[in-house]
Amino acid sequence: MGMNMALSVLMALVSATWAYADVVGPCAFIGSDIESCHIPEGTVSVGEGAFAGSSLKEIVIPEGVVSIGDYAFSGCRSLASVSLPSSLRVIGTGAFAGCESLEDVSVPDAVEMIGDSAFRGSGLMSFVPGPESKLRSIGAISFYGCDDLATVIFPSGLSHVGSGAFMGCGKLSTIILPGYLRELPDLLFAGDSLIAEISIPGSLLSVGDAAMDGCSGLRRIDAVTLDRVPEPGADVWHGVPAAGVNLYVSESAGQAFRADPQWGSFNVISGTTGVEDVMADSGSSCGLSVVASGSVFEIKASENIKLLRIYTVDGRLLLSASIGKAETSVSLPSGNAGVPLFVSALLENGQSVTTKVLLN
């Protein structure tokens, strides 16, 4: 029996089984030569290791599926296209680990938990959940070693991030932290040498051991929303050139930051955000130009803008809109004068670019 016929028989048997079951069974296609699969309607879960190590290139997961089991697609090195349903709530441990061809995944708003190592070593270029995302937890080393990951925007309701979640992401340069995060865990951004700036939300209470170890490109820390010094762990800023980093804090917290052995090693500047009227128009290196006038933003990108979002420095979403063109004008609600904002654009070519502005 030829390979194609064998696969046809296998799929026929599985389809017959699926007619009477609502799950893709554990290890159902582990190590198989299957390249494409559209899971049948009525399925509610994809079992542990279901397609692990297979030759899968594309997978369509239908509406109604609520969970993807541990290591379900782990080691699918050729997997380049994944369609996730809006019903999905859980992405299990190691679910897409080692999927090095997987560059883009739209995480549905209903997803509440991403497990440990879920996308470790994958080819993802950005992690930008939707504006209504219910994501609350990201597991340990979940994006560790994603060499092409350049932009991470955490949803505003995220409350837990595991140790080393974004460690070893060599291209990571843009981070927007959520307003409810209370801890930066151990090794969170360790080795991410392209991170130039980080804004710390007012909710933050502590920073774990070596959380920013090796972030040698860091030049600016915005901590103006903090009214107290977050407790630092051991070697938080090891490898960071402290003398060249400006730490912006509120007037009331300036003395406390200067007195702390770790935070005080930076150039602590109190009473200002350190943001000029407009920090934008960075040319081809950024691909995003922003001109602010009052509450109106004139925005121009190097490619058509697929999705535009504007956040406060503590991760609060102010605007989210599908654009479909390279130039646009948007207005923000009143009450944001003097507040640093992030303008983030997901371009149609898959690139994600972000810049910071300050409304007068």
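Two strands pair if DSSP finds at least two bridges between them. Strand E17 (residues 220-223) and strand E19 (residues 246-249) meet that rule, with four bridges in the parallel sense. The model is predicted.

**Parallel strands**

- Strands of a sheet pair through backbone hydrogen bonds, either parallel or antiparallel.
- In the pairing of E17 with E19, alanine 223 stands opposite valine 249 of E19.
- E19 also pairs with strand E20 (residues 267-270), again in the parallel sense and over four bridges.
- Tyrosine 248 has isoleucine 269 in E20 as its bridge partner.
- From E19 the chain passes through helix H2 (residues 254-259) to reach E20. This β-α-β crossover is right-handed.

**An open sheet of three strands**

- The strand order in this open sheet is E14-E16-E18, and the pairing is parallel.
- Strand E14 (183-184) and strand E18 (231-232) are the edge strands, each pairing on one side only.
- E14 and strand E16 (residues 206-207) run parallel and are joined by two bridges.
- Across from leucine 184 stands valine 207 in E16.

**E25, a covered strand**

- In a regular strand the side chains alternate between the two faces of the sheet.
- Strand E25 (residues 340-347) has eight of its eight residues buried.
- One side carries Pro340, Phe342, Ser344 and Leu346, and these are all buried.
- E25 runs antiparallel to E23, and seven bridges join them.
- Leucine 308 has alanine 345 in E25 as its bridge partner.

**The second largest pocket**

- This pocket holds about 290 Å³ of space.
- It is lined by 16 residues, and those closest to its centre are Ser106, Val128, Leu307, Arg309 and Leu346.
- Strand E9 (126-127) and strand E23 (296-312) each supply at least two lining residues.
- E23 gives the most to the lining, with three residues.
- Nine of the lining residues are nonpolar, four are polar and three are charged.

**Salt bridges**

- The structure holds six salt bridges.
- Among them is the pair of arginine 77 and glutamate 100, whose closest N and O atoms are 3.3 Å apart.
- Arginine 77 sits in the loop between strand E5 (67-68) and strand E6 (81-83), and glutamate 100 in the loop between strand E7 (90-91) and strand E8 (113-114), so this pair ties together parts 23 residues apart in sequence.
- Arginine 77 counts as exposed because its relative accessibility is 53%, and exposed means over 50%.
- Glutamate 100 counts as partly exposed, at 44% relative accessibility.
- Another salt bridge joins lysine 171 to aspartate 148, with the closest N and O atoms 3.0 Å apart.
- That pair also links distant parts of the chain, 23 residues apart. Lysine 171 lies in the loop between strand E12 (160-161) and strand E13 (174-176). Aspartate 148 lies in the loop between strand E10 (137-138) and strand E11 (151-153).
- Lysine 171 is partly exposed, with a relative accessible area of 44%. Aspartate 148 is partly exposed as well, with 34%.
- Aspartate 227 forms a salt bridge with arginine 228, where the closest N and O atoms are 3.0 Å apart.
- Aspartate 227 counts as exposed at 60% relative accessibility, whereas arginine 228 is partly exposed at 36%.

Notes:
Residues are numbered from 1 along each chain as its sequence is written. This is a predicted model: local features need pLDDT of at least 70, side-chain atom pairs count only at pLDDT 80 or more; totals for chains, interfaces and linings use all residues. Side-chain values use heavy atoms; hydrogens and water are left out. On a 1 Å grid over the protein atoms alone, a cavity is a set of points where a 1.4 Å probe fits but cannot get out, and a pocket is an open set with protein on both sides within 12 Å along at least five of seven lines; lining residues have an atom within 4 Å of a point. Grid points are joined across faces, edges and corners, and a volume is the space filled by probe spheres set on the points. Ala, Val, Leu, Ile, Met, Phe, Trp, Tyr, Cys and Pro count as nonpolar, Asp, Glu, Lys and Arg as charged, and the others, Gly among them, as polar. Buried means under 20% relative accessible area, exposed over 50%, partly exposed in between (1.4 Å probe, protein chains only). A crossover is right-handed if, with the strands pointing away from the viewer, the path from the first strand over the helix to the second runs clockwise. A salt bridge is a side-chain nitrogen of Lys or Arg within 4 Å of a carboxyl oxygen of Asp or Glu.
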